[in-house]
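Take a moment to turn the model around before reading on. We'll walk through it piece by piece, starting with a helix and its surroundings.

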Amino acid sequence: MKVLITGKNGQLGSELQAICPDNVEALFTGSSELDISDSGAVEALLTEFKPDVVINPAAYTAVDNAETDQQTAFKVNAQGPKNLALACKKIGANLIHISTDFVFDGSQNTPYQPDSKTNPVSVYGASKLEGEKAVSEILGANATIIRTAWVYSRFGNNFVKTMIRLMQEKPQLGIVSDQIGTPTSAENLAKAIWALTPQLVNIESSKTNDESKAIIFHWSDLGTCSWYDFAVSIQELGLKYGLLEQEIPVAPIMASQYPTPAKRPSYSVLDTSALREQLDFSGIHWRKALDNVIASLTK
């Protein structure tokens, strides 16, 4: 099985590379090897490599910067996936496109289903939704969209590493407690993607009754929490593994006390049951996943 992966230097791309199965002939690309917003470059590389499946974690993820850099956000998050989908259609490849909980507005108080109404409240969310629509319209059920949330890992920059740094530098912290979601270890997301990928080579096994639309799944680790709960757990585990020398006060604050350029969904828990059933892969609770990642930071 031949698989082309974008975004190799990001958190998910790095984890996909770290646990790539031995039976996969993989081509990992970063922006220097493949600018997904360049349709000619995308078509040329896919035509040359001829992958069975393309996995697209590449994205513009600077949520606040996207509010003023809309052109770049849509270039990467909407035009990029469209280019990949067009090239996949030309060579008969399947596409796994990674999307986000930010396509929802957060007005629900129960987990979002894959077919729940989308209504992004930020430029980042709008650009990611535009990318979803493009791959669905072009590839139909030959595209699989996986929405995820609150991704972190041992690689790259993320909330976990930021909290550990701030807890080393600051005497106290205030963390938002009225935004609820589920942290997702990029390693666990990568495991789910690699488990799904072989099924797509025989796409008939994964098609829905409506073959004109992409298949949409959700994936996160299990459980729910606020950013405050997440930060408290990071401190506990940072102390446990010796990444932090002393405990500092961490106080819950309202999102209104920490204004940001981009609005965030107040509730973005994803219902992940469909993909877990598809893979027969239960996953683990976010607290256990966090323990695993923080332990890995000590090595």
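Helix H1, residues 11-18, is largely enclosed by the rest of the structure, because 6 of its 8 residues are buried. Keep in mind that this is a predicted model. The buried residues of H1 are Gln-11, Leu-12, Gly-13, Ser-14, Glu-15 and Leu-16. And what do the buried residues of H1 pack against? There are strands S1 (2-5), S2 (25-28), S3 (53-56), S4 (94-100) and S6 (151-152), plus helix H6 (186-201).

Now let's look at some helix pairs. Two packed helices are described by the angle between their axes and the distance between the axes. Take helix H2 (residues 39-49) and helix H3 (residues 70-91): their axes lie 9 Å apart, and the two pack at an angle of about 35°. Their crossing is right-handed. On the H2 side, the contact is made by Ser-39, Val-42, Glu-43, Leu-46 and Thr-47, while H3 brings Asn-83, Leu-84, Ala-87, Cys-88, Lys-90 and Ile-91. Sort the residues of this H2 and H3 contact by class and you get 6 nonpolar, 3 polar and 2 charged.

The crossing of H7 and H9 is right-handed. From H7, the contact uses Asp-229, Phe-230, Ser-233, Ile-234, Glu-236, Leu-237, Gly-238 and Lys-240; from H9, it uses Trp-286, Arg-287, Leu-290, Asp-291 and Ile-294.

The largest nonpolar core has 31 residues, and the ones with the most contacts inside it are Val-160, Met-163, Met-167, Phe-230, Ile-234 and Leu-290. Helix H5 (159-169), strand S7 (173-176), H7 and H9 each supply at least two residues of this core. Zoom in on Met-167: leaving aside residues up to four places away in sequence, Met-167 touches Leu-173, Ala-231, Gln-235, Leu-244, Ile-248 and Val-250.

There's also a second, separate core, this one of 25 residues, and among its members are Leu-12, Cys-20, Ile-193 and Leu-275. Leu-12 takes us back to where we began: it is one of the buried residues of H1.

Conventions:
Residues are numbered from 1 along each chain as its sequence is written. This is a predicted model: local features need pLDDT of at least 70, side-chain atom pairs count only at pLDDT 80 or more; totals for chains, interfaces and linings use all residues. Side-chain values use heavy atoms; hydrogens and water are left out. A crossing is left-handed if the near helix is turned anticlockwise from the far one by less than a right angle, and right-handed if clockwise. Helices (H or I, at least four residues) and strands (E, at least two) are DSSP runs, numbered from the N terminus. Contact means heavy atoms within 4.5 Å. A nonpolar core is a set of buried Ala, Val, Leu, Ile, Met, Phe, Trp, Tyr and Cys residues joined through side-chain atoms within 4.5 Å. Buried means under 20% relative accessible area, exposed over 50%, partly exposed in between (1.4 Å probe, protein chains only). Axes are lines fitted to C-alpha atoms, for helices over the stretch in contact, and angles run from 0 to 180 degrees between N-to-C directions. Ala, Val, Leu, Ile, Met, Phe, Trp, Tyr, Cys and Pro count as nonpolar, Asp, Glu, Lys and Arg as charged, and the others, Gly among them, as polar.
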